[in-house]
Amino acid sequence: MPSPKAKNRSGGGGGSPVTGNGGGRYEFMSLNRAAAPSSSSPLPPPHHHHHPAQRQGSDPLSATARLRASESPTRRRGSGSSTGSGAGQGPGMPEEDCMRLNPSILGIALSSLLAIDLWLSKRLGVCACEDSPWGSVRPLMKLVEVSGHGIPWLAGTAYCVYKSDSSAGREVMLNLFMALLLDLVLVGIVKALVRRRRPTHNRMDMFATFSVDRYSFPSGHATRAAMCGRFLLAHLVLAAPLRVLVLLWACTVGLSRVLLGRHNVTDVLFGFWMGYCQYNLVEMLWLSPQALQALLGPLA
Ligand SMILES: CC(C)=CCC/C(C)=C/COP(=O)(O)O
């Protein structure tokens, strides 16, 4: 996630934030810092309708200073333009030409959320290794990790298909198998797109990981736990205590990801949400016995 500091645009000196005294060094202004545009500023001069007092830089709008790439000192210097065709001389700036020099409230909120996420995840990573505060619980959490791993679920589901003696049972288990494959594909795509590194305190000693599993967002265990939890509750006739056990298992799998240091809290929360939605997709794409027969042939 980009930090709220613009890169130094040229080798120039410090220069005051944004007013860009030719040094080309820009820093994001905080929301309550407004710089009075200077004559050499690449910033467009304040519009005539601004109250004079606002021209002193107190105008909050100048706090949302914008810079048109074509007017940045480096670009302008390169163009040799000395006809004042710089700051704001041209027509209204098209939005896509502007680089916001001021993080929006949303940007600040997201950065704060990320900081809280990293801090909380670090605090909750109490089983990240043997000499962590809860190192003695690590073996149990690793067992929970295996219970949510893709391979045991795929193997277990395939075994149930093989042992099933009714077409209805086979239909349910085959759809669960397809759901697990769908989960792997979707999680793999999101991981490959987001490419968020796992927490620094994670000790990557997980068994049977795939290439994208080096990435943290989202938690594949959390998506699988949520999707399979919903699937079992919807398609298996379970007594109430067992239903509660399924829910507890799914929550424990998610919690274990953070306790083991495998994921940040947001990776798991998003994973739960994604897995919950994946189940809706599974229901929408439910494969009938005929479709399974056509798809898998004698296996169905
Ligand atoms: C190789 C297969 C069939 C599954 C991989 C399962 C796995 C290692 C997922 C990663 O889960 P987290 O993203 O929660 O660490």
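Visitor: What are the ground rules for numbering and confidence?
Guide: Residues are numbered from 1 along each chain as its sequence is written, and side-chain values use heavy atoms, with hydrogens and water left out. In this predicted model, local features need pLDDT of at least 70, side-chain atom pairs count only at pLDDT 80 or more, and totals for chains, interfaces and linings use all residues.

Visitor: How many helices and strands are in the chain?
Guide: There are 11 helices and two strands. Helices are DSSP runs of H or I with at least four residues, strands are runs of E with at least two, and both are numbered from the N terminus. The order is α-α-β-α-β-α-α-α-α-α-α-α-α.

Visitor: Why is V194 called partly exposed?
Guide: Buried means under 20% relative accessible area, exposed means over 50%, and partly exposed is in between (1.4 Å probe, protein chains only). V194 has 40% relative accessibility, so V194 counts as partly exposed. V194 is part of helix α7.

Visitor: How do you know that the span of α6 agrees with its 14 residues?
Guide: The expected span is 1.5 Å times one less than the number of residues. For α6 (residues 150-163) that gives 20 Å, and the end C-alpha atoms are 20 Å apart, so the two agree.

Visitor: Which residues of α6 are buried?
Guide: They are G150, W153, L154, T157 and V161.

Visitor: What makes them line one face of the helix?
Guide: The arc is taken from the directions from the helix axis to the C-beta atoms. Down the axis of α6, the buried residues fall within an arc of 95 degrees, so they line one face. Exposed residues Y159, Y162 and K163 sit on the face turned away from the buried side.

Visitor: What do the buried residues of α6 pack against?
Guide: They pack against α5 (138-147), α7 (167-194), α8 (220-235) and α9 (240-259). A contact means heavy atoms within 4.5 Å.

Visitor: Why is α8 called mostly covered?
Guide: Of its 16 residues, 13 are buried.

Visitor: How much of the chain is buried?
Guide: Of the 300 residues, 38% count as buried.
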